[in-house]
Amino acid sequence: MANHEDRETPLARGKRAATAGILVNTALSVLKLVAGVAGHAYALVADAIESLADVVSSSIVLRGLQVAGRDPDEQHPFGYGKAEALAGAAVALMLLGAAVGIAIEAVREIRTPHHAPAWWTLLVLVVVIAIKALLSRRVGAVGSEIGSTAVRTDAEHHFSDALTSAAAFIGISIAVVKGPGWESADDWAALAASAVIAVNAVRLIQPAVADLMDRSPEQDLVAGIRATASGVEGVLAIEKLAVRRVGLGYHAVVHVQADPRMSLHDAHELGATVTRAIHSRVPKMQTVIVHMEPYDGST
């Protein structure tokens, strides 16, 4: 018997992952902010800011998936799929902004004398790291399974939060163990974490921009589509094949060469057969446009 996840659509799974991120990060951001202020640990406060950014980013991903799931209409005949890539790009930019903000505040705290962080903030961080690592892995798995750039980016945002927490744990541990003179160790940890977050942000924005620019998907997918179309009886050659990713699916345009003596009706039927074969090969294929052309023997 199929389980609940098997019955869920990819869009529904993506929405559920984004919703889980919103709920978990809301709770963690409050916990870290209170602990950071009470325990004099700026690295923990910076971590709370990162979690608040995660709440906003997961909300953007959720909204992006909702818009991407709309059916095509007169104003958007090709659908709303690119809203998903837009959400991914927005989340990556937010991640970069959070990194810059954390770095600025960390430098300010390093230059300002302050109390050493309390030892018990380490216990808070252990809990946070465990939760965020688990959340990142689960959301990332969903993103990979449904092929969502935005959900994968959201998972990386969760992982960056776990990195920030790990850096805070190291910094606070040094400050607690070393004692007076090492109060800013957690601030240096926050600064180091901001650099890691910035690198991740730049890396994450690349696939989102690629989707927005209609870059061809992985070559194995394109080669498989070409082989499927070429294998249809009556197809003599594939002159052109263009595939692009839109949201959680793909769109393809294929130029099929066939016997020039074929009737218009038979050519139409052959095109329909090619379309069905491609849809069968790639379940996430949303539209296939087939152009029928006479075979000239040059391809």
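Which residues lie nearest the centre of the largest pocket? They are A68, G69, R70, L248 and Q286, out of 19 residues that line this pocket. Helix 2 (10-38) and strand 3 are the elements that give two or more residues to that lining. A quick word on terms: helices (H or I, at least four residues) and strands (E, at least two) are DSSP runs, numbered from the N terminus. A pocket is an open set of points on a 1 Å grid over the protein atoms alone, where a 1.4 Å probe fits and protein lies on both sides within 12 Å along at least five of seven lines; lining residues have an atom within 4 Å of a point.

Before going on, keep in mind that this is a predicted model, where local features need pLDDT of at least 70, side-chain atom pairs count only at pLDDT 80 or more, and totals for chains, interfaces and linings use all residues. Residues are numbered from 1 along each chain as its sequence is written, and side-chain values use heavy atoms, with hydrogens and water left out.

Back to the largest pocket: it holds about 320 Å³ of space, a volume being the space filled by probe spheres set on the grid points, which are joined across faces, edges and corners. Its lining has 9 nonpolar, 8 polar and 2 charged residues (Ala, Val, Leu, Ile, Met, Phe, Trp, Tyr, Cys and Pro count as nonpolar, Asp, Glu, Lys and Arg as charged, and the others, Gly among them, as polar).

The second largest pocket holds about 260 Å³. R16, A17, R138, V139 and V142 are the closest to its centre among the 13 residues that line it. Helix 2 and helix 5 (121-146) each supply at least two lining residues, and helix 5 gives the largest share, with 7. By class, this lining has 8 nonpolar, no polar and 5 charged residues.

Now look at helix 3 (residues 42-68), where you'll find L62. L62 counts as buried at 17% relative accessibility (buried means under 20% relative accessible area, exposed over 50%, partly exposed in between, with a 1.4 Å probe and protein chains only). Setting aside neighbours within four places in sequence, L62 is in contact with K15, A18, T19 and I22, where contact means heavy atoms within 4.5 Å. L62 and I22 are 40 residues apart in sequence, yet their C-alpha atoms are 9.3 Å apart in space. S58 also lies in helix 3, and it is buried too, at 0% relative accessible area. Not counting residues up to four places away in sequence, S58 touches A18, G21, I22, N25, D154 and H158.

Further along, helix 7 (residues 185-212) reaches 41 Å from its first C-alpha to its last over 28 residues, close to the 40 Å expected at 1.5 Å a residue; that expected span is 1.5 Å times one less than the number of residues. In the loop between helix 7 and helix 8 sits D214, a residue other than glycine with a positive phi near 60 degrees. D214 is partly exposed, at 30% relative accessibility.

That brings us to helix 8 (residues 219-230), with 12 residues. Which of its residues are buried? L221, V222, G224, I225, T228 and A229 are. Seen down the helix axis, these buried residues fall within an arc of 160 degrees, so they line one face of helix 8; the arc is that of the directions from the axis to the C-beta atoms. They pack against strand 1 (237-246), strand 2 (249-258), helix 9 (264-281) and strand 3 (285-294). The face turned away from the buried side carries the exposed residues Q219 and D220.
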